[in-house]
Amino acid sequence: MALLSLEAVTRSVVLPDGDRLDILRGIDLAVDAGDHLSIVGRSGSGKSTLLNLLGLLDTPTSGRIVFDGRPLERLRGGRRDRTRGRDIGFVFQQFNLLPGRTALENAMTPLLYGRGRQFWRRERIARDMLERVGLGHRLHSTPDRLSGGEQQRVAIARALVRGPRLILADEPTGALDVDTGAAVMALLDEVANASDAALITITHDPNIAAMARRRYRLDGGVLSPLELLA
Amino acid sequence: MIGAFIEAWAEFRVHKARVLLSLLGVAIAVAALASVVGVGAVATQAQTEQLERGGGRPATLVLQPPWSADGAQLDPAKLAGAFAQVVERYSITYAGGVTWADTRLQYPDGAESVTLTAVDPAYGVMHRIQVEHGGWFTERDAQRIAPALVVSDAIWQRLGAPDLRTHPTVTMLGRQPTTGVIVGVLPPDPYGPNFQAYILNAGYAAIAPPPGSGMAATPMYEFWVPLDLADALTERIRADVASALGDGWMVDVTRQDYLAWGTSDPLEPIRLILLIIAGVILLLGALSLVNIAFVTVKQRVREIGIRRAFGATAGRVFLAVMLESVVATLLAGVVGVALAVILVQNEWIRSYIAPGLEDAVPFPAEAAFIGLGAAVGVGALAGLLPALVAVRVKVIDAIRY
């Protein structure tokens, strides 16, 4: 059984003039545990909307989304938020670290929404994760004192502290130079493999997309397999 | 809940300068509110003490001089006997006779009239008599050959403010000139010189007009009794005294302490006005807080989006934003209440709002609770709108904002 599956998913919005705009059309996608796939698309291709749906942040206009065997319509309100917090980790293009908080505090943030051991031992867990991504010496540095690569590593640590089963990376290297971007992607791939988490990378960079085992293109709201040129 | 509290505290810590500035108004408003309530309690205590100086402590019963329909003269000894029986029968600790008379005091440069009040030692406790120099009467003062006097500050000054350790004397020009020893001096009267003196009933007998002369005043008797027994004892004392005096005598026993007057609190209107002013200050503080919180939430849309992405439920975001506001205003409330305590407990300020306060009045707990409650209420009010905005944040849009 797939960890996440989208079956004939569409998403459309009604414009102020009453017209309907189809953003996503007939998306079919199945993601298994340990999968690493990339989705490439230009601006306006529907990447953000797809990310919303994959991250359980939005509901499709039609079609079906099933996460861990549970249809999305059965996950409502707080339950969906808790499932997202527990099972999905986000890595964003602009890192989106909380300003004024140290690397440790940022990494602890998702654990504030956890329960039991995750909540009460949040500092230990976050510290271990930061050490794992090579930032054990920058625990108490605030984002403004970290380089772009370090910030993204804090963001990766934050995405992983709750042991997610699905990692959604939205343009994770968009704000980094080529070398740092490659290093960050290697790290993401490594930690995803180590925890058997599925990794979906949404990017406009074909080189980053090429690092995934399965590659897709999103164009005009239609998702199709991407063949890389030799 | 604990997590939301931790989030709120972290937010306060990171943005403490902004939060503290926005809370200044709330702290001042809470200080004003708590001070008004606190000052009100102190002033009420001062007023209560003042009222008790006049009418006695609750419940003070007064046995008025009985009168006869046929105009017969009452035998003071018989009345005194009835009083003594009542005191003994009901084990009343504080009771005594009170007689007012005018007499003249001989000063080195002439004689002047004074109002003389003949009392028993218990009167001092019953009427909260404060003595500035020396002391109030004791039972031993009744044994003095020269009657003991407690005089007003005006008399004492008129005598040249003699040192009481030298046992200064003054001559009373009553039925026969009698020398009295001043054992105590009352505090200066705030309303101007007041020529008044207290003498013990035992000493007054020497200068009082002879019984049956037509000039003699019949004493009235006061009893300080437990409040819950006041009604029952009023009737019992009246019946007992009437029985002791025999047929034909009309006996009247009444309450004279302020609680029996049934009048409204004269400080209530002032307190109400001050409370309204403090309320307006608090409201203005709350409005500025709402404004700042609103702007802040708009600036924090991205952060809220991030938190939602990592599993914060809408309820949790609402609670965290609300708690941020409540935690902050609660702190402001604590500061405000602390300021109010410092203000209200300050001796110099107290000397203005409650001069001559006899009983120590702690800062009223209700003032602290009202202040903290108002602070929390303002925090909840100021946090509500921003919290509603926060839960409507669209996560991905917020993150890409």
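Author: Buried means under 20% relative accessible area, exposed means over 50%, and partly exposed lies in between (1.4 Å probe, protein chains only). This is a predicted model, in which local features need pLDDT of at least 70, side-chain atom pairs count only at pLDDT 80 or more, and totals for chains, interfaces and linings use all residues; side-chain values use heavy atoms, with hydrogens and water left out. Residues are numbered from 1 along each chain as its sequence is written, and chains are lettered from A and ligands numbered from 1 in the order in which they are written.

Reader: What is the relative accessibility of A:Arg70?

Author: The side chain of A:Arg70 forms a salt bridge with that of A:Asp68 (3.8 Å, N to O); a salt bridge is a side-chain nitrogen of Lys or Arg within 4 Å of a carboxyl oxygen of Asp or Glu. A:Asp68 is partly exposed, because its relative accessible area is 24%. A:Arg70 counts as partly exposed because its relative accessibility is 27%.

Reader: Which residue of chain A meets B:Arg308 in a salt bridge?

Author: Chain B brings 25 residues to its contact with chain A, and chain A brings 29; contact means heavy atoms within 4.5 Å. The side chain of B:Arg308 comes within 3.3 Å (N to O) of its salt-bridge partner, A:Asp81.

Reader: Which helix gives the most to the side of chain B that touches chain A?

Author: Five residue pairs are in polar contact across the interface of chain B and chain A; a polar contact is a pair of N or O atoms within 3.5 Å, where within protein one must be able to donate a hydrogen and the other to accept it, and residues adjacent in sequence count only if both atoms are side-chain atoms. On the side of chain B that touches chain A, helix H1 (2-14), H9, H10 and helix H13 (395-399) each supply at least two residues. With eight residues, the helix that gives the most is H1(B).

Reader: How much area do chain B and chain A bury between them?

Author: The size of an interface is often given as the accessible area lost when the parts come together. Here that loss (1.4 Å probe) is summed over both parts. Carbon and sulfur atoms hold 60% of the buried area, and its total is about 2300 Å².

Reader: What is the relative accessible area of B:Ala312?

Author: B:Ala312 lies in the loop between helix H9 (301-309) and helix H10 (314-345) of chain B. Leaving out residues up to four places away in sequence, it touches A:Asp81, A:Tyr113, B:Arg307 and B:Val317. The C-alpha atom of B:Ala312 is 9.7 Å from that of B:Ala4, 308 residues away along the chain. B:Ala312 is buried because its relative accessible area is 1%.

Reader: Which backbone oxygen lies 2.5 Å from a polar atom of the side chain of B:Thr60?

Author: B:Thr60 is in strand E1 (residues 60-63) of chain B. It is buried, because its relative accessible area is 0%. Beyond neighbours within four places in sequence, its contacts include B:Gly55, B:Phe223, B:Trp224 and B:Asp257. The backbone oxygen at 2.5 Å from the side chain of B:Thr60 belongs to B:Arg57.

Reader: What percentage of the residues of chain B count as buried?

Author: Chain B has 13 helices and twelve strands. Among its contacts with a separation of 6 or more, 81% join residues 24 or more positions apart. Of the 401 residues of chain B, the buried share is 47%.

Conventions
Helix = DSSP H or I, 4+ residues; strand = E, 2+ residues; numbered from the N terminus. Buried area = accessible area lost by both parts, 1.4 Å probe.
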